[in-house]
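Subject: Structure handover

Hello,

Here is the structure I said I would pass on. Please open it beside this message and follow along; my notes come after it.

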Amino acid sequence: MAAPRASWDHAYEKGLVDLMLDHNNPIYRGQNGWTAEGWTRITNTFNQKFPLANFTKQQIQEKVKDLKGNYKAVRNSRKQSGTGWDDTLCMIIAEPVIWDKLIKDNARIKKFHSKPFMIFKSLALLHEGSVASGDLNFVSIPQVDLTSDAISPMDSSTNDLNRISSTNVDDGMSSSDLQGQGASRRDEPKATTSTNSEQKGALLVKKRKQSQIVVVLEDYMDFRKKQSTKLVDELKESKPDDMFPIGNCVSALEPMEDLSIAEKAKALRLFKYPMNREIFINTKDSNLRLYWLKEEISEM
C-alpha cells in the first residue's frame with residue numbers, strides 16, 4: 001500500500017531546505033549525492049522540528065526532488081528573453097505572451113505565475129553554491145592578494161627604483177658609477193628595451209585585472225548584506241499598520257461555510273504573504289473569492 005501523500009506548506013519547505021544547507025558538507029553529502037546517513041539525519045531532525053509532519057525518509061526525498069525541479073524551472077525561465085525578476089517578491093515578471101511560452105516549455109513553471117518562490121535563493125545556495133539574483137550569479141571568486149592590489153603601477157615603479165638605488169649604494173657604488181651604469185644601459189640594444197616594455201605592459205594588465213576582481217568582490221559582499229536584510233524583512237510577521245492585516249483576512253475567512261476546517265487551516269497559511277492577503281481582501285465577489293481560495297489551497 002502506497003504511503004499517504006505528504007501535505008507540505010511554505011514553513012515545511014523552508015525548514016527542509018535550511019536543514020539541507022546545515023548538512024551540506026562532505027560528511028552527509030558526497031559527489032554522488034546525499035549519503036544514507038545524511039538522509040536519515042535530515043529526516044529525523046526535520047520531524048523533531050515539525051512533530052506534526054511525521055514524514056518518512058521517502059517523502060522527504062520526493063520533496064527534495066520536487067523542489068529541485070521547481071528551482072531548475074524558475075532558474076531556466078529567468079534566462080529566457082523578455083523575462084524579468086522581482087527580487088523582493090521572488091517572482092518572474094513577464095508579459096502574458098512570454099508566460100504562455102514559458103509554460104509551454106515547462107508546465108512546472110505555471111504554479112509560479114502568481115505565486116512567489118521565496119526559497120529560490122536558498123535553493124540556489126544548495127544546488128549552485130551561489131546567490132542567483134538579477135543578472136548576478138557568483139559561483140566562485142578567485143582569491144586576490146589585496147596587499148599587492150593596493151600598490152599602484154606608479155608606486156611599484158618608484159619602489160623598484162628605490163630598491164635599485166639602495167642596493168647599489170650598499171655595494172659601494174657612487175652617484176657617478178650609477179650615471180655610468182645608466183649610460184651603458186642606454187647603449188643596450190633596442191630589442192632589450194622592447195622586451196622590458198612588453199613585460200611592464202603585461203604587469204599593468206595583470207594588476208588592472210586584479211583590481212577589477214577586488215571591486216567585484218566588494219560589490220558582491222555588499223550585495224550579500226543587502227540580500228540578507230531583505231530576506232529577514234520578508235520573513236517578519238505583518239505589522240499592525242499593514243494595509244491588509246491578517247486579522248481582517250481571518251475575520252472574512254471564518255464565516256465561509258463552503259470551506260472545511262482543514263481548508264480554512266490551509267488558507268491561513270496563504271495569508272502569510274501580503275500579495276495573497278491583498279487579493280483576498282480586494283475580491284468583493286464572494287463566489288470568485290471562494291474559487292480563488294480553493295485553487296490556491298489545491299496547489300499547496
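**Helix packing and a cavity**

Helix 12 and helix 13 (residues 286–298) pack with their axes 9 Å apart, at an angle of about 155°. Please keep in mind that this is a predicted model. Angles over 145 degrees count as roughly antiparallel, and helix 12 and helix 13 are therefore roughly antiparallel to each other. On the helix 12 side, the residues that meet helix 13 are Asn276, Ile279, Phe280 and Ile281. Their partners in helix 13 are Arg289, Trp292 and Leu293. Sorted by type, the residues of this contact are five nonpolar, one polar and one charged.

Helix 12 (residues 274–282) also meets helix 10 (residues 246–253), and here the axes come within 10 Å and cross at roughly 50°. Helix 10 and helix 12 are therefore oblique to each other. The crossing in which helix 10 passes helix 12 is left-handed. Helix 10 makes the contact through Ile246, Asn248, Cys249, Ala252 and Leu253, and helix 12 through Arg277, Phe280 and Ile281. Of the residues in the contact of helix 10 with helix 12, six are nonpolar, one is polar and one is charged. When you look at helix 12, find Phe280 and Ile281: they take part in the contact with helix 10, and they also meet helix 13.

Another pair to look at is helix 1 (residues 10–22) and helix 2 (residues 36–49). Their axes come within 10 Å and cross at roughly 140°. Helix 1 and helix 2 are therefore oblique to each other. Helix 1 passes helix 2 in a crossing that is right-handed. From helix 1, the contact uses Tyr12, Gly15, Leu16, Leu19 and Met20. From helix 2, it uses Ile42, Thr45, Phe46 and Lys49. These residues divide into six nonpolar, two polar and one charged.

The largest cavity holds about 40 Å³ of space. Which residues line the largest cavity? They are Val74, Trp85, Cys90, Met91, Ile92, Trp99, Phe112, Lys115 and Phe117. By type, the lining has eight nonpolar residues, no polar ones and one charged. Lys counts as charged, and Lys115 is in this lining.

Regards

Methods
Residues are numbered from 1 along each chain as its sequence is written. This is a predicted model: local features need pLDDT of at least 70, side-chain atom pairs count only at pLDDT 80 or more; totals for chains, interfaces and linings use all residues. Side-chain values use heavy atoms; hydrogens and water are left out. Axes are lines fitted to C-alpha atoms, for helices over the stretch in contact, and angles run from 0 to 180 degrees between N-to-C directions. Helices (H or I, at least four residues) and strands (E, at least two) are DSSP runs, numbered from the N terminus. Angles under 35 degrees count as roughly parallel, over 145 as roughly antiparallel, 65 to 115 as roughly perpendicular and the rest as oblique. A crossing is left-handed if the near helix is turned anticlockwise from the far one by less than a right angle, and right-handed if clockwise. Contact means heavy atoms within 4.5 Å. On a 1 Å grid over the protein atoms alone, a cavity is a set of points where a 1.4 Å probe fits but cannot get out, and a pocket is an open set with protein on both sides within 12 Å along at least five of seven lines; lining residues have an atom within 4 Å of a point. Grid points are joined across faces, edges and corners, and a volume is the space filled by probe spheres set on the points.
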